[in-house]
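Here is a quick tour of one model, helix by helix. Have the sequence and the 3D view open as you read.

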Amino acid sequence: MIRAIGLIVARDVRLTLRQGTDVIMILMFFLIATSLFPLGVGPEPNILARMAPGVLWVCALLAAVLSLDHLFQTDHDDGSLDLLALGPLPLELVVLAKVAAHWLVTGLPLILAAPVLALLLNLPEEGFAALIISMLLGTPILSIKNKEWNPGNSKTLPDPCHILWLTRNPNLCP
């Protein structure tokens with residue numbers, strides 16, 4: 001079972017890196033949005049230092065939202081999502097494997113880029129550990145809960161939270 005989860009994670013990471021544009025787009029957005037913030041607020045180091053954690057978190061959130069549509073969409077389009085749902089692996093584990101792969105290609109690069117951008121925003125040295133730990137704990141949530149799902153609209157795919165909830169409450173499925 002662990003091998004199957006690892007294969008799903010490896011497949012999704014490989015497919016995302018093969019396309020390449022998602023990871024570059026996320027990092028570039030994160031860099032540009034964070035770099036533009038001092039232009040709007042002003043170059044005052046004390047103000048930037050106080051606002052740095054919030055700015056980095058908001059920019060990370062917005063950057064992560066850019067790639068969330070691709071979490072299940074490509075598998076839905078080519079039919080592999082149906083095969084994964086019908087396979088022997090429980091749907092919860094499939095969803096968690098896909099979320100882990102999404103975090104590896106979006107959340108982890110954001111965490112690695114955050115300290116460099118924190119220097120740009122004059123974050124004090126004692127704030128770096130708290131920033132990294134909070135991003136390590138918080139960025140996986142950005143992959144799990146990503147959008148509102150309308151069960152009445154067949155064109156929208158559910159997010160991972162809804163899939164996990166519906167597998168535990170199958171009588172509530174539309």
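Helices here are DSSP runs of H or I with at least four residues, numbered from the N terminus. By that count, Ser80 sits in helix α5. Keep in mind that this is a predicted model.

Is Ser80 buried or exposed? Its relative accessibility is 15%, so Ser80 counts as buried, because buried means under 20% relative accessible area. Leaving aside residues up to four places away in sequence, Ser80 touches Arg11 and Asp75.

Next up is helix α1, residues 2–19. Just after α1 comes Gly20, with a positive phi of about 75 degrees.

Helix α2 covers residues 21–41 and includes Leu31. Leu31 also belongs to a nonpolar surface patch of about 600 Å², together with Ile24, Met28, Ile32, Leu36 and Leu39. At a relative accessible area of 38%, Leu31 is partly exposed.

Here are the two residues with accessibility values, side by side:

| Residue | Relative accessible area | Class |
|---|---|---|
| Leu31 | 38% | partly exposed |
| Ser80 | 15% | buried |

Technical notes
Residues are numbered from 1 along each chain as its sequence is written. This is a predicted model: local features need pLDDT of at least 70, side-chain atom pairs count only at pLDDT 80 or more; totals for chains, interfaces and linings use all residues. Side-chain values use heavy atoms; hydrogens and water are left out. Patches are made of residues with over 30% relative accessible area and no salt bridge: like charges are joined within 9 Å, nonpolar side chains (Val, Leu, Ile, Met, Phe, Trp, Tyr) within 5 Å. Accessible areas come from the Shrake-Rupley method with a 1.4 Å probe; for residues, only the protein chains shown count as cover. A salt bridge is a side-chain nitrogen of Lys or Arg within 4 Å of a carboxyl oxygen of Asp or Glu. Helices (H or I, at least four residues) and strands (E, at least two) are DSSP runs, numbered from the N terminus. Buried means under 20% relative accessible area, exposed over 50%, partly exposed in between (1.4 Å probe, protein chains only). The expected span of a helix is 1.5 Å times one less than its number of residues. Contact means heavy atoms within 4.5 Å.
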